[in-house]
Amino acid sequence: MSMTQEAQPWQAPEHDKPVEQVEGYNFAYLDEQTKRMIRRAILKGVAIPGYQVPFGSREMPLPYGWGTGGMQVTAAVIGEDDTLKVIDQGADDTTNAVNIRRFFAKTAGVATTEKTSDASLIQTRHRIPEKPLTDDQILIYQVPIPEPLRWVEPRETETRKMHALEEYGVMHVSLYESIARFGRITTAYNYPVQVNGRYIMAPSPIPKFDNPKMHQMAALQLFGAGREKRIYAVPPYTDVKSLDFEDHPFTIQSWEENCALCGADDSYLDEVITDDAGGKMYVCSDSDYCAERREAGHVGDQGEPQTPAQKGAAE
Amino acid sequence: MMALRDNGPLLEVEGLTQKYGHQIGCEDVHFSLYPGEVLGIVGESGSGKSTLLRCASGLMQPTAGTVRFDTRVDGLQDIYALSEAERRMLMRTDWGIIFQNARDGLRMNVSAGANVGERLMAVGERHYGSIRDVSSEWLEKVEMDLGRMDDLPRTFSGGMQQRLQIARNLVTKPRLVFMDEPTSGLDVSVQARLLDLVRGLVRQLGIACIIVTHDLGVVRLLSDRLMVMRRGRVVEQGLTDQVLDDPQHAYTQLLVSSILPV
């Protein structure tokens, strides 16, 4: 930005502006045949919880690794009355989330929201919202590597056989290895789970903090991997168990700090570096959860009061 | 370690034939193996030893013939008539396969302890402490230094890798172990130590064993019975000492007389 430029009046951030639906595309970008193909894969995935269903993944107008699998699933299930929320690392205002939300606002003309409770569809990367989901919502995950056995067995033919014959001993070998080296299970994200007592599934790179939320979740969970061309699903109210040993049970992360903005002690916290002198603060990674708590009057150590009553008390 | 049926054979191979197109891998092989018995298979390169071992150990379906194993629950069963799930279960519990090249039988990117514990975890053991106890017990049995338990197998010498492979296979107390040239590629002193170890374990645990080798010294030391193969066919079989000391077939005579005297 040049110094001579005149100061611009404040404008709403790009992602807050309403978006016009564009002409010339089919509803939600994909053609109807493709959507039917994807819906068939989704139905099969729901029928066999945790099983990876191959599907004819399409080119999307953004690169692999940016959520093409999740977008195709979203495009296949979205309807005109749906309200879409997109999060990336828990936040609604990050690049990936903003762009995918705008994409569906443009190509499907659907309503979008940042409120977890208002959304009927939530597409996510790396997080599950803190607020419990309900049975009229669908959670769609973007998945980079759908095969949980990939790191122990590189051969696709062999991993398929292992799934088919339920030979999951090697999954525990990797957990054993972690305990032998570090004294505890160090896998912190993409922590393998067993779905409905049968298939081992990669929960996508969500922190293991979120694994317990998948268990008996009321919402339907769909997983799309665009590059790897796989779709899988966890139906509502299904058992999802994180793998562990009897003497080294599964545990989730915990923090000594509370959220610096809203004071929450039960949410997943991001560490934010604030200066060059080692200053830092911990804030909720779920931006909507944090904002909602602040609106309800909760204030953290470094948060500013939001409600008039609090402002009065502060003055 | 007692077999369920003391009188019957543990493994029964009948009319086993494997063809690679017109090429014969092995042809019309018959033998029975009884619990606790060690059978040696010798022959020159290309005589069909390894083909026979692969067919008998469930790794490759033969063109013709049957391989029947005395399963713990159902008695003698044709292993190729079992479902793949049952066959693979058998292979990782009641059987052990020790490969010539330790890299084929080990997971090189996980520690020695995890290599030994893998079979336990595969059959449902979920207690870290007890898996570790059993693993270290077996590493001791194969004379490995427990201080190396958390090291990767690729940092081990060839002899140690081979001993690790043995521990990994014996941890589920199999009744039958297949060995494909277990000592080739090792120097003689390491070979001697390994053979001594295998002989001790096999006798102590009463494991039946099929050893494929081209080294007559190995079979002299380990095996009770011997089969000599040539061009895919068994040309002579009998008690080891009998075959080696009084060879009848011209090829066996050639084989025995080819040993270099020290």
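Predicted model: local features only at pLDDT ≥ 70, side-chain atom pairs only at ≥ 80, totals over all residues.
Residues are numbered from 1 along each chain as its sequence is written, and chains are lettered from A and ligands numbered from 1 in the order in which they are written.

**View 1. Crossing of helix 4 and helix 5 of chain B.** Helices (H or I, at least four residues) and strands (E, at least two) are DSSP runs, numbered from the N terminus. The two helix axes come within 9 Å and cross at roughly 120 degrees; axes are lines fitted to C-alpha atoms, for helices over the stretch in contact, and angles run from 0 to 180 degrees between N-to-C directions. From helix 4 of chain B, B:Ala112, B:Gly113, B:Val116, B:Gly117, B:Leu120 and B:Met121 meet residues of helix 5 of chain B, namely B:Ile131, B:Arg132, B:Val134, B:Ser135, B:Trp138 and B:Leu139. By class, this contact has eight nonpolar, three polar and one charged residues (Ala, Val, Leu, Ile, Met, Phe, Trp, Tyr, Cys and Pro count as nonpolar, Asp, Glu, Lys and Arg as charged, and the others, Gly among them, as polar).

**View 2. Contact between chain A and chain B.** The contact takes 15 residues from chain A and 17 residues from chain B, two residues being in contact if their C-beta atoms, placed from the backbone, lie within 7 Å. On the side of chain B that touches chain A, helix 2 (84–93), helix 4 (112–122) and helix 5 (128–141) each supply at least two residues. Helix 4 of chain B gives the most, with six residues. This side of chain B divides into seven nonpolar, five polar and five charged residues.

**View 3. Domain 1 and domain 2 of chain B.** Chain B is divided into domain 1 (1–94 + 174–262) and domain 2 (108–172), with bounds that come from an automatic or database domain assignment. Their C-alpha centres lie 25 Å apart. Domain 1 of chain B brings 12 residues to the contact and domain 2 of chain B brings 13 residues. On the domain 1 side, helix 2 and helix 7 (188–205) of chain B are the elements that give two or more residues.

**View 4. Strand 9 of chain A and its partners.** Five of the five residues of strand 9 (residues 230–234) of chain A are buried, so this strand is largely enclosed by the rest of the structure. A residue is buried if 20 or more other C-beta atoms lie within 10 Å of its own, exposed if 12 or fewer, and partly exposed in between, with C-beta atoms placed from the backbone. A:Arg230, A:Tyr232 and A:Val234 are on one side of the strand, and A:Ile231 and A:Ala233 on the other. Strand 1 (residues 53–54) of chain A runs antiparallel to strand 9 and is joined to it by two bridges; strands pair if DSSP finds at least two bridges between them. A:Val53 has A:Ile231 as its bridge partner. Strand 8 (residues 220–225) of chain A is also antiparallel to strand 9, with five bridges, and A:Ala225 stands opposite A:Arg230. In the hairpin of strand 8 and strand 9 of chain A, A:Lys229 takes a positive phi near 60 degrees.
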